[in-house]
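Please open the model in the viewer and keep the selection panel at hand.

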Amino acid sequence: MQREKFIERVLLLLALSSIGSLALITIFIFLEGFPLILSVGLKDFIFSSHWAPTKGHFGILAMIISSILVTIGAMVIGVPLGLSCAIVLAEFSPKRLKMVLKPTLELLAGIPSVVYGFLGVVWLVPLIRNYLGGPGLSLLAASIILGIMILPTIISISIDALTAVPDLYRDGSLALGATRWQTVSRVVLPAASSGIITAIILGMGRAIGETMAVIMVAGNALKIPTSVLDPVRTLTSNIALELGYAAGRHREALFATGIVLFIIIMILNLSATLVTRRR
Amino acid sequence: MRLDPHTTQRLVKALLWTLTGFTLLILVFIIADIAVKGLPQVTPGFLSQDSTDMGRAGGIFPTIVATAYITLLAILLASPLGVGTAIYLTEYTREGWATRLIRFGSECLAGVPSIILGLFGFVLFVMKLGFGWSVLSGGLTLAIMVLPIIIRTSEEAIKAVPQDYRTACYSLGMSQWQTVTRIVLPSALPGITTGIMLSIGRSLGETAVLLFTAGAALRTPVSLFDSGRTMAVHFYILAREGISMPNAYGTAAVLVISILAINVGAYTLMQRLMKRYS
Amino acid sequence: MNDQPPNKIRIEDLSFFYGDFQALDGVTFGIRANEIFGLMGPAKSGKSTLLRVLNRMCDLIPGIKVTGRVRLDDEDILAPDCDLVGLRRRVGLVLSRPTPLPRSIFENLALAPRLAGKKSRGELADLVEASLQAARLWDEVKDRLADSALKLSGGQQQRLCLARTLAMEPEVILLDEPTSGLDPISTAKIEETLLQLKNQYTIVLVSNNTKQIARATDRVAFLLMSQIIEIGETKRVFTVPKDKRTDDYISGRFG
């Protein structure tokens, strides 16, 4: 009996590792970055677009805006493509095709982000530069690459949401004489809406948090973009680009950037969980 | 002008299939490009030789070793923690505030972006604990990254074990731990193994975390405190610094093939284990 | 006090709640050693609940409350410091549905005894054979003990579960509708086994099937909606029941 109690305590300790790690991460990021936010002032930190760390200027507005724009761009590309694929796979394709396509999807999901970035540099950036102008390394390039990268997330969660809708709904609608598409658009999609919204929110989270691919194709300029062809630098890129050589206050500023990013992503993930729970 | 429903359906289907086809084309293109430009680079020499001239010449052997070393460490750390958590959640507690808290921790952890993990690993392991850029720092941070994956898949696998097995064991006078180790875990093994292999696949592609914890030394790491460059990090550096296109493609090919192999291996292993244990 | 045989199990004022729902209300009676004691009654009368209290398998269900005392020989098994593992080795349970473990036939029988301390291969092999013989399964499986238990038929699996319980060398065997869903031949084999086992064990048999109770038990208790209505020798209860409700149940006027 005593041995059992001991084992239970050990397992409890192991189980606390996940929440413990989360706590550690939160604590350390905040410890390292918060002093800088205090000394610069939250308003100046977030709302100034002047980022010159060596001269003591720490405004991340340009990067916040770039992150938001890149994410919106990624959604504009990823959601229509992703939803279409999900609808086709879940509602309009025969079982055999589904069996081929699902593992293919998982393959897509397994390709590392750096590979996407690389191919973006090799193929997409020259295309943009030659046909649309600008340096090619741009907001547009980042949006497209990110949009493609979040496809597997959006597709697979949406497919789960669609297949979770009971056949009863579909049969009822078809029995009333509706076409497949009418059934899908008026019955199935609304029923699956919370799952699809979750997919979109999680896709957003993934897009905002992506670093390596964005660094490779976005151009990393420190200005607020005025056109999609402008090079941009996101919050994540900023951290990754400068961490290697930053010191002192500069390094603290990067952690402070991390705090902002962390909070944004936590809010997104929590809303996704809330949406799923309300189902 | 209102279209009749059948025409609408035909138009919509055409649109949807076009978009789907387009998406598949992108995937095929990605795989094809890597295969065509990368596979020719993957010779036995490429895999076994050291890197020279900053990666311009030679092979990627040090990166293969670093990748294996760091991934192995991460899995060795995360598996007992993850499986233990899953066992605790399913076998030792009822649903309540404790289980919800643990699960919340795990889900949030899963959502932390890799650059933040890299920052964390950098400040805690590299700097404060003094491990420096090393296999150890990289492995520890990576373990935290894959922990939620292992928890989630292990929990599913353990929950899928029929309750009848447990009832039989308890009524025969077996203790809880005996039941878990001799019947529940072996039956859940296929699912748990799949989760571990998925974690390996995820680790192979990870760059942001490792760049700032394991560093980028191009030597073959020997001790836990040596710095090492994984294949993904090496690929990133080659690509970004424009050092060598052929080698970049070659590294990408090895990377993608490894990840493919792990994912395929995970599913076939799961099929085989399921046959053996049920 | 007349010279009654001693009680192996004494249940005193046992009440049982699933949350707010009361499944047992002040149940009090005794089960004698070496008898086959039947518990009969319609569905949801509390019989299965009562059975599971006897080896504390009820503990596995969340949200339950138990009051009263249950004495096995002389110790109260409802006491908080009762050794559950030891209890369940002394009081075995066979369920209404076969529950073979995903192992070989031999392993199904040898696993728990090995964990209870029987280490030698010879001892285990003898134990496995003896248990399978007692459950009348030996002849059918003696040549394929290494085969998976999951491949056996339903009736064979259920006899396997009985053999598995016997392999623990318990003092009491509890059976919860063990032959529901089995073909008549398997049912007969299990009933024959029980009659033979009576000499070594105390047996408590829950059944929905009044004919089985009449065939196989020495004494019987009739439970209805959480209370004991009548208790006594099976022959007497079935021929001259004291309570009208017992009579109605036996005649099939309700079930």
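**Chain C, then the A–B interface**

Select chain C: of its contacts with a separation of 6 or more, 68% are between residues 24 or more positions apart, a contact being two residues whose C-beta atoms, placed from the backbone, lie within 7 Å. This is a predicted model, in which local features need pLDDT of at least 70 and side-chain atom pairs count only at pLDDT 80 or more, while totals for chains, interfaces and linings use all residues. Residues are numbered from 1 along each chain as its sequence is written, and chains are lettered from A and ligands numbered from 1 in the order in which they are written.

Chain C contains 10 helices and 10 strands; these are DSSP runs numbered from the N terminus, helices being H or I of at least four residues and strands E of at least two. Its C-alpha trace spans about 50 × 40 × 40 Å along the principal axes.

Next, select the strands of the open sheet in chain C, which has the order E2-E1-E4-E5 and antiparallel pairing; strands pair if DSSP finds at least two bridges between them. Then display E4 (residues 64–72) of chain C, which 2 bridges join to E5(C). C:Leu72 has C:Glu75 in E5(C) as its bridge partner.

Finally, select chains A and B: 66 residues of chain B are in contact with 59 residues of chain A. Which helix supplies the largest share of the side of chain B that touches chain A? The answer is H1(B), with 16 residues.
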